[in-house]
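Subject: Handing over a structure

Hello,

Here is the structure I promised you. Please open it and keep it on screen while you read my notes below.

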Amino acid sequence: MSTRATEQPVVNATATAPERAVESVTGLILSGGGARAAYQVGVLAGIADLLPVGAKNPFPVIVGTSAGAINAVKLASGAAQFRTAIHELTDFWQGFRSHQVLRSDWSGVVRQAARFLGRSLLGIGGGQVPVALLNSSPLRDLLDQRLDLSGIDEAIAAKHLHAVAVTAFGYESGQAVTFYQSGGAIESWLRHRRVGVPTQLTVDHLLASSAIPLLFAPVKLDQEYFGDGAVRQSAPISPALHLGANRVLVVGVSGNPRGVNANVPVHRAVSGVQPSLAQISGHLLNSTFIDSLESDIELLERLNLLSRLLPLQHRQPSPQASEQPTPAQSLAPVEVLVISPSQPIDEIAARHRHELPLALRMFLRGPGATKTSGAGVLSYLLFEAGYCSELIELGRRDAMAQKDELLRFLRLE
């Protein structure tokens, strides 16, 4: 998790402005993380404040995973009115209550836990419908009410958006599948355990992408059940590049250990206390939602460094779109800007644990999620207004702290 050594807003511009005479296409990467995704809304709100009145959507390519997929689609569907879309997204998160996302009453919590234990552990009861620890059926109703997906086609037709994509994990195929909606002839792709599929995005795609393993039930798309897209997503930035982006803004949901003081060892007192189930689960969730993104950013930085060592003529893209680029041309540098929280999100969650409904708080108390040491799990499930509002404010402050970098990146100097 985040350490004191990383509590600075993390921003990395890994390449200078592209040296190629090609159109600049900016992509936005919104990673997953349950309730942590409220932080992304704050960063986007800060960006909206920097844009001039009437400015068009600055992100032609938008890619989201898990709860970030909900933010991505909401932003894409309102791309024609970027500021308005951000305001609506902010209101959406600031008005959150747990019961809008999952059953948080005594009856709902106890019944769902009993069904999970009986069917998944004891084999009692039939049926093919998967069961999870928490009942997230209210989330479908919320998304049906608050999202107008028809706005995506309108934004694409008006040239305010090039493509939007969400990623989900196929439990049978073992692939990270990126479902994308675009207006152009973007070819699908197939790489090791990841594939791109053109489609008309629906609420089901968002529910599948945000279905945290074991906590939320998988969602069936066509003939396969899908879960949270962060699972085994080895290259979170790759879909944006496939969709045409050549520069990307990445909004993370955790303090990034690659910060200024990343090489300074952090010494903590060792208590010898046995880790709780929530503490173990928190690390597993972090490895799913955070580690792959940070590794992908590090890999991209290395490729950018390698690209800059090549002669300019060898890293120019193919002059004809139909021509297959050479391996050297595929290494054309990608400008990257990364913004991550300047404060540990699990500590913020621990301060707001009292906001949880009593039934849900008691349910999470046993595994240790309501303790400070287990707040990592809580930070993903605390869909309450106070916690989400503080994350939004943190995101806005971090964006403003990097105002100059954002103005440069968005070409607003």
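Start at Gly 64. Setting aside the neighbours within four places in sequence, Gly 64 is in contact with Leu 30, Ala 69, Ala 72, Ala 165, Val 166 and Thr 167. Contact here means heavy atoms within 4.5 Å.

Before you go on, note how the values were made. This is a predicted model, in which local features need pLDDT of at least 70 and side-chain atom pairs count only at pLDDT 80 or more, while totals for chains, interfaces and linings use all residues. Residues are numbered from 1 along each chain as its sequence is written, and side-chain values use heavy atoms, with hydrogens and water left out.

Gly 64 belongs to strand S2. Strands are DSSP runs of E with at least two residues, helices are runs of H or I with at least four, and both are numbered from the N terminus. Is Gly 64 buried or exposed? Its relative accessibility is 0%, so Gly 64 counts as buried. The cut-offs are these: buried is under 20% relative accessible area, exposed is over 50%, and partly exposed lies in between, with a 1.4 Å probe and protein chains only.

**The chain as a whole**

The chain has 413 residues, and 54% of them are buried. It holds 14 helices and 10 strands. Now take the contacts between residues at least 6 apart in sequence: 78% of these join residues at least 24 apart.

**Strands side by side**

- S2 (residues 61-65) pairs with S1 in the parallel sense, over four bridges. To count as a pair, two strands need at least two bridges found by DSSP.
- Leu 249 has Leu 337 in S10 as its bridge partner.

Strand S10 (residues 335-339) is mostly covered, with five of its five residues buried. Both of its faces are covered too. Glu 335, Leu 337 and Ile 339 lie on one side, Val 336 and Val 338 on the other, and all are buried.

Next, find helix H3 (residues 82-94) and helix H5 (residues 137-146). Their axes come within 13 Å and cross at roughly 155°. The axes are lines fitted to C-alpha atoms, for helices over the stretch in contact, and the angles run from 0 to 180 degrees between N-to-C directions. H3 and H5 are therefore roughly antiparallel to each other. That term covers angles over 145 degrees; under 35 is roughly parallel, 65 to 115 is roughly perpendicular, and the rest are oblique.

Which residues make the contact? H3 brings Glu 88, Asp 91 and Phe 92, and H5 brings Leu 142, Leu 143 and Arg 146. Three of the contact residues are nonpolar, none is polar and three are charged. Nonpolar means Ala, Val, Leu, Ile, Met, Phe, Trp, Tyr, Cys or Pro; charged means Asp, Glu, Lys or Arg; the others, Gly among them, are polar.

Ser 210 sits in the loop between H7 and strand S7 (219-221). Its relative accessible area is 9%, so Ser 210 is buried. Leaving out neighbours within four places in sequence, its contacts include Ser 66, Ala 67 and Asp 228. Gly 64 and Ser 210 are 146 residues apart in sequence, yet 10.0 Å apart in space, C-alpha to C-alpha.

His 205 lies in helix H7 (residues 203-209). At 8% relative accessibility, it counts as buried. Beyond its neighbours within four places in sequence, His 205 touches Val 166, Phe 179, Thr 199, Gln 200 and Leu 221.

Ile 156 is in helix H6 (residues 150-157). It counts as buried, at 11% relative accessibility. Ile 156 and Gly 184 are 28 residues apart in sequence and 9.0 Å apart in space, C-alpha to C-alpha.

Best wishes
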